[in-house]
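Please keep the sequence and the 3D view at hand while reading.

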Amino acid sequence: MSDRLNQDSLADLPEGIRRPAYDRRAVRTGIVHLGVGAFHRAHQAVYTDDVLALDTGWGIVAASLRSPDTFDALAPQDGLYTLSVRSQGGEALRIIGSIGRVIVAPRATEELLDAMADPRTRIVTLTVTEKGYCHDPATGALNEAHPDIVHDLAYPKTPRSAPGFIVEALRRRNRAGVPPFTVLTCDNLPSNGRTVKRVLTRFAELVDPEFGRFVANEVSCPSTMVDRIVPATSDQDRQRIAEALHVEDAWPVVTEPFTQWVIEDRFPQGRPAWEKAGAEFVADVEPYEHMKLRLLNGSHSTLAYLGYLAGYETVADTMADPAFVRLIEGLMDEEVTPTLHMPPGADLASYKRALVERFKNPALKHRTWQIAMDGSQKLPQRLLGTVRDRLRDGASIARLSLGVAAWMRYVTGTDEKGSAIDVRDPMAARLRELADRAGGSAEKLASALFGVREIFGDDLPNDPRFTGAVTAHLVRLYEKGAKRTVAEFGAE
Ligand code: CS2
């Protein structure tokens, strides 16, 4: 028996471990996925694995746009990996087989473009994270000065960015008389379908105005709401899973029981019956997306910055502090919920109750540092859209502005004890420079960061209700630290 999880060792796995319920040799590719990170493998690839048992026409070819890590791990495993679902109740393991092939884009650009241009590919899905769209987070427009976009416009046949790959593949299909694939973004962007469509249309227009019109008119980009908490896999996870499997899996994913996928049903070339695996097809995703981005992700980012500063390693550790639970419940109930317009029948109260339990899940080691990444790309849709709605209604932003202040404190790159914070963000260097120039003054720091238009736009920096609230919190964070600021919050 092989000592590695792969097609040969599959039959010898211990009882009770679910494995693909279909013949993998019969699977044909229907989907190309860009961005084969843990989230894709714990979400869309699982829904698709369910569907393959009913229809083998929807196998996935998955590409990394940067790192070869996933390829190096999954190639010797024939694309197989373990999904570990963890809760206080224990762990369930399942082997996922929907990814047939992995491509590393930088070293196999033609192979990826060929797969995307293949007429059998009818959908291109994406999880490239917020920054992968190369857009301006405040406006949603393509960032034409982005180095990858500049590169891809100059060398369209050897793209680096997701928009560059998609537009080049669509051009090849168009030339060959093959209809466009549907572009299905599964990232946490506001109106994610509309955003990717705007970015692609502008990119195509810059390549060739007529092709821009074709993309605008002919390419379908349904919006989606995706939800499943998937922390980075640790060595401890790998070891525990290998012991249970009796073979090594170099690339398992660890997640929670909860999963949700809401999709707009606009697939001119057809689609898998993902509803049979629990996905919901609706005419308009926006209400669900607002609910999820503002309640879940808005709370997550708030917990991440404040929790990290308070010295908590994971979200569950942070949620073990009752003052943080109070803050987050108050944020959701008092400040976010009034901005949501939910379809009849949606049960917001139970959604929020479930969220608090999900954040508390002690079996998931979801590091505050991980969620704190890329704040410049996340803040607009997680907190600032809600802030705008509240200000328009003349309502309080006391908790929303605390999250923004904590982000400001975090991106200085120095924690409350004077140790360095490893700030990961495409704007990290610029933010750091602004912080250094502020020289430890909360007022100067706040005012310098409000000037980052890509995050705050032109309106918020000019609204004293916003700038005043954020600055006052930032002063408190410097004076008292995050733990005391949160503890005293409710008592004010
Ligand atoms: C998290 C999300 O890392 C983050 O920024 O907020 O990845 C979150 O776990 C997912 O959106 C949950 O669906």
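## The largest nonpolar core

Which residues in the largest nonpolar core touch the most other members? The model examined here is predicted. Its largest nonpolar core has 87 residues, and those that touch the most other members are Leu295, Leu306, Trp407, Met408 and Phe466. Helix α10, residues 286–309, supplies the largest share of this core, with nine residues. Two domains take part: domain 1 (10–282) and domain 2 (286–491) each give at least three residues to this core.

Leu295 can be examined in more detail. Leaving aside residues up to four places away in sequence, Leu295 touches His290, Met332, Val336, Thr337, Leu340, Leu348, Tyr351, Lys352 and Leu355.

Another core, of 37 residues, lies apart from the largest one. Its members include Ile149, Ala169, Val183 and Val215.

Side chains of opposite charge can pair when their charged atoms come close. How many salt bridges does the structure hold? The number is 40.

One of them joins the side chains of Arg367 and Glu313, with an N to O distance of 3.6 Å. This pair links distant parts of the chain, 54 residues apart. Arg367 sits in the loop between α13 (348–360) and α14 (368–372), whereas Glu313 sits in the loop between α10 and α11 (315–319). Arg367 has a relative accessibility of 38%, so Arg367 counts as partly exposed. Glu313 also counts as partly exposed, because its relative accessibility is 48%.

A further salt bridge is formed by the side chains of Glu335 and Arg399, at 3.1 Å from N to O. Here, too, distant parts of the chain are linked: Glu335 belongs to helix α12 (residues 322–336) and Arg399 to helix α16 (residues 398–410), 64 residues apart. Is Glu335 buried or exposed? With a relative accessible area of 0%, Glu335 is buried, since buried means under 20%.

Arg424 and Asp422 form a salt bridge in which the closest N and O atoms are 2.9 Å apart. Arg424 counts as partly exposed because its relative accessibility is 41%. Asp422, with a relative accessible area of 39%, is partly exposed as well.

Note on methods. Residues numbered from 1 in each chain as written. Predicted model: local features only at pLDDT ≥ 70, side-chain atom pairs only at ≥ 80, totals over all residues. Heavy atoms only, no water. Core = buried A, V, L, I, M, F, W, Y, C linked by side-chain atoms within 4.5 Å. Buried < 20%, exposed > 50% of the residue type's maximum accessible area, 1.4 Å probe, protein only. Helix = DSSP H or I, 4+ residues; strand = E, 2+ residues; numbered from the N terminus. Domains from an automatic or database assignment. Contact = heavy atoms within 4.5 Å. Salt bridge = Lys/Arg side-chain N within 4 Å of Asp/Glu carboxyl O.
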